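I opened this entry to keep track of what I looked up. Short notes follow, one topic at a time.

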Amino acid sequence: MPNRSRNVFAVLLPVAAFVLGQLGTPCRASAQEVRAGLQVRRELFGVVTDSATKQPLSGVAVAVAGTDMVARTDDAGRYRLAGFFPNSVSLVVREVGFAATTMRLTLTASVVEANFALAKRVVQLEAVRVQDDSVARFLATQQATAIMSASEVREKRGQTIGETLKELPGVAVIQYGPSIAKPVVRGLSSQRIATINGGVPQEGQQWGGEHAPEIDAFAANEIEVIRGPGTLLYGSGAIGGVVRVKPRPLPTSGLLDGEVSTNAFLNNRQGAASLMLEGSELRLPWLGQLGWRTQVTARKAGDAKAPLYYLPNTGFRELDYSGMLGMTRKWGQSDITVSHFGTNLGLYVGAHVGNLDDLARAMQNAYTTDTFSYHLGTPKQSVTHDLVAWHTHVLLANNSRVEVSYGFQHNNRREYDSRGFAAGTGRPAFALELFTHSLDLQYHQPETSRLSGVFGVSGLRQGNLSPGRSFLIPQYRIYSGGVFGLETFELSQLTLTAGARFDYRYQHAYQYGAPVVISPNDERSYAGGSGSLGVTWHLSNSWSLASTGALAWRPPNVNERFSQGVHHGTAQYEIGDSSLTPEQSLNVDATLRHQGARTRVELSGYVNRLNDYIFLEPREPVATVRGSYPAYNYASANALLRGAEVTLQYAPSSWVQLYVNGNVVRGLDRASRTPLYDMPADRVTTSARFFAASKRNVTAPFLEVGGTLVRQQDHVPLVTIYRLPTSGYALLNLELGATAIRLGRITVQPNLSVRNALDVRYRDYLSRYRLFVDDTGRDVVLRITAPFGSTHKPT
Amino acid sequence: MRSSWLTIRRYSSVAVILSAVIAGACDNPAAPIEGAGDPENISRVTVRLTPTSGVSQTSFRVDPDGTTLPLPVGAAQGTLALVKGMTYAGTITLLNDLDPKNVIDITAEVRKEANFHRFFYTLTCAGVTVPEAGLDLDTQSPTKYPVGINFQLIAAASAATSSSCTLNVRLHHFESAKGNGLGSVFDTDLSIDFPVTVN
């Protein structure tokens, strides 16, 4: 009985806190301290900084030990915790790359300031992120991982989510102008990369080169890219890597906060704006007090400009909106997200060609204009993606917990042709609709100082409709399920991780209804195991060496087995092969990390041996009444991918930061010893950032000078109709920004950058328009973020 | 814990109801597709030449899967046997007859979109020509330009005798109004050869 009444009381506390919170501002409330048992309503606040650089750290979790109260720091490093506290509490601050810090406070006043200066620690080892799902912890420990923090995302946010990732180690993008950017991780892309959006695996029509992830770039708070297989936790498929897009956590304090973000891109005269509102004190009958957030993003872009001309019909429009509701209770946490992504994007007219003659003509005499336009003609795509995601985690004894994630996604893709007699009629040439339900259940075992682990099951049901008039891929149904387990053992200097997973996939492709298309009814199931073994060796306080060996597999997708048709914007016919067998990957990688007081080093190397690697093999052109077409068969071969990434950061003084990142990938067909198609060119990104002293109204202003150096791509297959090799190029980039500028009562986070400042003409090997036109020229980008609301008031 | 479970249950039931509503969304891929198949496929191309006097000449070619791969277009059926000194009235017919129950006249579609299309006829036979003046016209204003669904073919009296020359027919499809139809920004809807003899 006493136990139950205490629980009831505990549930009522937040309600009481809310009611009392309405009585006035925290300061006034402090004057009228209200006693509730032994606990008193108090407010704790402070700033978290990096002890070495003195820079504020954003997104850092500050937790009250023994409770599930957590706050995250804002962009100025500030946090605020409000609620009922006993007279003495411990605050625990954890952040990846820093030593966890605990501070014991004796609370005498009702408003208490507690500041933290975090010291960098070895690497991302044992980094525990409170409220995060445990996956990041495991992967960050052993696999090569790049994390873009909230402030980095804000500074680098591109026109699409893919473009935002462009400069991360080991990442390249396949681009169709500014509107389509598809991440390539260590030479692999499309279905080989799992994109996890807010905990749910993104299921769009991800297979086509011109199908980019359907995610609002403004909704991403943090982005994490894991290089190498992620199949253990994300299922068969993710043999190339994982891109995790994390929305910001729901607020646990504040009545109403918000943020206005605007991006302006001069090159294609694009305006983009996003408005986010959130709060923690929404009360609903029956459910109690909830945290909430809503966000609306709109974007409008016109034709992109290369140094000498505009690329007609490369503009796009995007409208995204989302809403999120969640509760944090003693038993754990639960939230629901509903989001919509919608884009209408043009494809460069000149690249959309028919037969071989048209292709040769388009390559020789590219179609360009001297006049800018926002007009969106054909060919174009209209894509919407709707997502409902529900996560719950329930805390059990000894820090163990159960996590459940359910996702429903509806992807609706319409492609409008400029060719064929349907052109101009408003009817799409292709239409594809994908419905996906996914469920993931994880049990995180009680942690001891030596052992932690997670076990789980996941399932997926997917249906694809092809309601268009033309055929590209058949309608299909997929059921798949997996079981996995992962254990981490901590020894004094070694962290060992071992995991295994089993997956089953049933794939039913339905016969196409038209007499002309030969696409039979086909049922097939695939089963396979994945395993991984990793070790991190803490060489010293500042050095560590990590290595992972992983076996992974991926069943062939429906498009690889049954494609039959032309891809818009690529001018290529693709023909599937229904007899393809699953890909098998054996990947071994090693990462050496160093974190000194002024230096940070990450050196990674990998060898990925792929058996039955599926790729598009050029075949002889096929003759039709329209003439001859360039055609490709889906074929498989044994391949070998090797590569390395180097990242060096050095701060010679507190006002200079130097950065160099280099990437090399080599792909080889093991039988013919010829290079694989579509591998990124060797690339070095470098920058020097100079900080000036903070002034009264300006925090941490900086100027950055950077360069992108790309070597020519000469590792290309011999047999091809395209003149494939591309020359090397060098781009100069400039950036001017500040962590915060205070303008009267508001604080803004401005960033002005110039990409390709010298307006250099170049063609990137992964740009799909490279056969016809140059890549975009100089772009001046202005990004301004202005947070507002109760937790952002100048203190 | 009981009250906690109550809130979990309440919250879950909201989520489950929401999910159930969504799950009702229709995603049955086993259902047949209405109007599937591309009616814009050209599966049969026929050239017919009618002389001012004498027997008309016909040749056609069939693409067994339209413009969908992988089946290649078949060989021409029938040869256009030209007589020197003769002028022919020519017509071209494009059909989608892949579904015998639903044969679509694509020539009619081209005629409807005449301002975006133009046929080109070129011969490898010396002394045989298709003059631009003999092509039928579109409906652009103020100036009408050739479409070429109907055309005139002239075998000069001085034409060279040949047993194996060809008539190449191309159809250019323009993204915007074609003007005179000689611009270089177009897609090729048709590019196909027919065998010709000249005697």
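**Chain B, overall.** I started with burial in chain B: 38% of its 199 residues count as buried. This is a predicted model, and I checked confidence next. The mean pLDDT of chain B is 85. Of its residues, 81% reach 70 or more. For the model I noted ipTM 0.76 and pTM 0.81.

I then listed the elements. Chain B has two helices and 11 strands. Read from the N terminus, the order is α-β-β-β-β-β-β-α-β-β-β-β-β. I also looked up contact range. Of the chain B contacts between residues at least 6 apart in sequence, 66% join residues at least 24 apart.

**A sheet in chain B.** I traced an open sheet of four strands in chain B, ordered β4-β11-β10-β7. Its pairing is mixed. Strands β4 (80-82) and β7 (117-123) of chain B are the edges, each pairing on one side only. From one strand to the next, the twist averages 30°.

Within chain B I followed β10 (residues 162-174) and β11 (residues 186-198). They run antiparallel and are joined by 11 bridges. I looked up one partner: B:Ser162 bridges to B:Val198 in β11(B).

**Strand β16 of chain A.** Six of the six in β16(A), residues 241-246, are buried, so the strand is largely enclosed by the rest of the structure.

I sorted the residues by direction. A:Gly241, A:Val243 and A:Val245 point one way. A:Val242, A:Arg244 and A:Lys246 point the other way. All of these are buried, A:Arg244 and A:Lys246 included. The general rule I had in mind is that side chains in a regular strand alternate between the two faces of the sheet.

Which strands pair with β16(A)? One is β13(A), residues 193-197, which runs parallel to β16(A) over five bridges. There A:Ile193 stands opposite A:Gly241. Another is β15(A), residues 222-227, which runs antiparallel to β16(A) over six bridges. There A:Ile223 stands opposite A:Val245.

**Nonpolar cores.** I looked up the largest nonpolar core. It has 83 residues. Those with the most contacts inside it are A:Val184, A:Ala220, A:Ile223, A:Val225 and A:Val242. Strand β11(A), residues 171-176, gives the largest share, five residues. The core draws at least three residues from each of domain 2 (135-242) and domain 3 (243-248 + 255-344 + 377-792) of chain A.

I then took A:Val184 alone. Leaving out residues up to four places away in sequence, A:Val184 touches A:Val171, A:Ala172, A:Val173, A:Ile174, A:Ser189, A:Pro680 and A:Leu766. B:Val198 is the residue I had noted as the partner of B:Ser162.

Last, I followed β28, β29 and β30 of chain A. β28(A), residues 476-490, and β29(A), residues 494-509, run antiparallel with 15 bridges. They form a hairpin with three residues between them. β29(A) also pairs with β30(A), residues 522-538, in the antiparallel sense over 16 bridges.

A:Gly485 stands opposite A:Ala500 in β29(A). A:Ala500 also stands opposite A:Gly531 in β30(A).

Notes
Residues are numbered from 1 along each chain as its sequence is written. Chains are lettered from A and ligands numbered from 1 in the order in which they are written. This is a predicted model: local features need pLDDT of at least 70, side-chain atom pairs count only at pLDDT 80 or more; totals for chains, interfaces and linings use all residues. A residue is buried if 20 or more other C-beta atoms lie within 10 Å of its own, exposed if 12 or fewer, and partly exposed in between; C-beta atoms are placed from the backbone. Two strands pair if DSSP finds at least two bridges between them. Two residues are in contact if their C-beta atoms, placed from the backbone, lie within 7 Å. pLDDT is the predictor's confidence in each residue, from 0 to 100. Axes are lines fitted to C-alpha atoms, for helices over the stretch in contact, and angles run from 0 to 180 degrees between N-to-C directions. A nonpolar core is a set of buried Ala, Val, Leu, Ile, Met, Phe, Trp, Tyr and Cys residues joined through C-beta atoms within 7 Å. Domain bounds come from an automatic or database domain assignment.
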